[in-house]
Amino acid sequence: MQMPDPDQTILARREEIANHLRTIVPGEGVVVSPQELRVYESDGLTAYRQPPLLAILPETAQQVSEILAYCHAEGIKVVPRGSGTSLSGGALPLADGILLCMGKFNRVLDVDYDNRCVVVQPGVTNLGITKAVEQDSFYYAPDPSSQIACSIGGNVAENAGGVHCLKYGLTTNNLLGIEMVLIDGSILRFGGKHLDSPGYDLLGLMTGSEGLLGVVTEVTVRILPKPETARALLLGFPSSEQAGDCVAAIISEGIIPGGMEMMDKPAIEAAEAFVQAGYPLDVEALLIVELDGPQAEVDHLIGRVSEISGNCGAQTSRTSQNEEERQLFWAGRKAAFPAIGRLSPDYYCMDGTIPRNKLPHVLRRMREMSTDYGLRVANVFHAGDGNLHPLIMYDANNPGELERAEDFGSDILRLCVEVGGVLTGEHGVGVEKRDLMSEMFTEIDLKQQLRVKCAFDSKALLNPGKVFPELHRCAELGRMHIHKGKLPFPDIPRF
Ligand SMILES: Cc1cc2nc3c(=O)[nH]c(=O)nc-3n(C[C@H](O)[C@H](O)[C@H](O)COP(=O)(O)OP(=O)(O)OC[C@H]3O[C@@H](n4cnc5c(N)ncnc54)[C@H](O)[C@@H]3O)c2cc1C
């Protein structure tokens, strides 16, 4: 994985840049000491590390605007960061870029039950939104497993998903409005408290833009009343194929569960050893199916899903009898990533999406690849959405093993594209999948996407080196004005 070469002139100006930024964010808001910068050197993709030029922690949109306007004028790169849980290296710093940390934007600004929405600052955690409204029996539906830590600003930037997104939609389906600061310092608003707004859907464009188009400084999301009841089924199968068939059968019956997750044997064993969720250990695949809604409807659907799973060959079936047990069923799934951390010194979490009916084929191919690469793999899936999370186990202390894990991961993602799927379900492209973008998009597609980037950030200062395999000069895409034959910003790196 190669990043753009650092600009030596920027590195040489570090102290001067820090001094100027202190005039915008006074006190301890500018971090320069190497010891303190170490905590920012990576995000959830810990295989890659790079301390930033400096880190800055603004508290107001006005300060963000002044920081970006200064960086724009001086040609300084900026990497936005929420809680740093990205698994695709989206918040990986650059040696010659400032890390713009949004952690101090941590206030809930408005709880509006009349409009069923909440306005928060972007550093509020995903779970913090539900915490702000749960006493009134409301909640925020998208629930990434990292929800205790990840920020809503990061969720917007990655279009985060989670267990409940099968029924309730991803971040983009629950987002009503944002305030965003562009690289030139202008502060814009997209959307508001209502579902639609006039003009192009720029809110949709910004959702999932991975910090490349602007910095989110305020977020308005939809909240939902908590369902009257929710119960979960634990279904064990003798093969992943049968579990996959069961997922397809449930959906084709017109049942949309609140959540439908699958784990394979290595993931089941790891999660059970970690949280003792009561998972059966004599099965090859486990499905957790949650039904939510009015009591009578849930009771009926539990019966229907039990029947369908029996027809698909389920060898064990348990239904949660109370809220505590339902939470326990989920605890194992939500702790699956850290649980794998107990089996192997390092693991690499992939994220690809496939058509649901290709699951047995993809699992079979993955098992073959695991043998070929000599690396173990455990699988957890958002089964209803076809979103896979293979966890490749490796030991970074063994020379060449990280590279082998990366190659294995790339082959899995290529396979996802080959069977008609996509490179990412919810973790974003970042640096992790950047070089695979051309597996999925043609040169024309990529140039078109770059034109959008150029429209918002023609100097390529916001999060460069992420998402796009190659940074074209905006001039090449016909977006930049060339005055008297002189190309502006000739220093934009290509790598
Ligand atoms: C154990 C674990 C489990 C996870 N499970 C899930 C899951 O179930 N579903 C899921 O979708 N993800 C999951 N993730 C990935 C991660 O939590 C999400 O991608 C999350 O949305 C990142 O939020 P963050 O605040 O940590 O963002 P960061 O990691 O700080 O940044 C992520 C990206 O967003 C940009 N960004 C951050 N804040 C802003 C802002 N205010 N304005 C503009 N750009 C910004 C950054 O530049 C970067 O490109 C998991 C991660 C871990 C470690």
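**View 1. Gln276 in the loop between α11 and β14.** Gln276 is placed in the loop that runs between α11 (265–275) and β14 (285–293); helices (H or I, at least four residues) and strands (E, at least two) are DSSP runs, numbered from the N terminus. The model is predicted: local features need pLDDT of at least 70, side-chain atom pairs count only at pLDDT 80 or more, and totals for chains, interfaces and linings use all residues. Residue numbers start from 1 along each chain as its sequence is written. Although Gln276 is not a glycine, its phi is positive, about 45 degrees. Gln276 counts as exposed because it has 11 C-beta neighbours inside 10 Å. A residue is buried if 20 or more other C-beta atoms lie within 10 Å of its own, exposed if 12 or fewer, and partly exposed in between, with C-beta atoms placed from the backbone.

**View 2. Asn463 in the segment after α18.** Asn463 lies in the segment that follows α18 (443–456). This non-glycine residue has a positive phi of about 50 degrees. Asn463 has 29 C-beta neighbours inside 10 Å and therefore counts as buried.

**View 3. The buried side of α5.** Helix α5 spans residues 126–133, and its residues Asn126, Ile129 and Val133 are buried. They are on the same side of α5 because they cover an arc of only 60 degrees around the axis, the arc being that of the directions from the helix axis to the C-beta atoms. The buried residues of α5 pack against β5 (108–112), β6 (117–120), β7 (138–139), α6 (152–158) and β10 (215–222). Contact here requires C-beta atoms, placed from the backbone, within 7 Å.

View 4. Val108 has Val120 in β6 as its bridge partner. Four residues lie between the strands of this hairpin, in which Arg116 takes a positive phi near 50 degrees.

**View 5. Leu287 and the largest nonpolar core.** The largest nonpolar core has 131 residues, of which Leu286, Leu287 and Ile392 touch the most other members. β14 gives the largest share of this core, six residues. Such a core is a set of buried Ala, Val, Leu, Ile, Met, Phe, Trp, Tyr and Cys residues joined through C-beta atoms within 7 Å. Not counting residues up to four places away in sequence, Leu287 touches Leu235, Ala243, Cys246, Val247, Met260, Met262 and Ala383.

Methods
Contact = placed C-beta atoms within 7 Å. Pairing = 2+ DSSP bridges.
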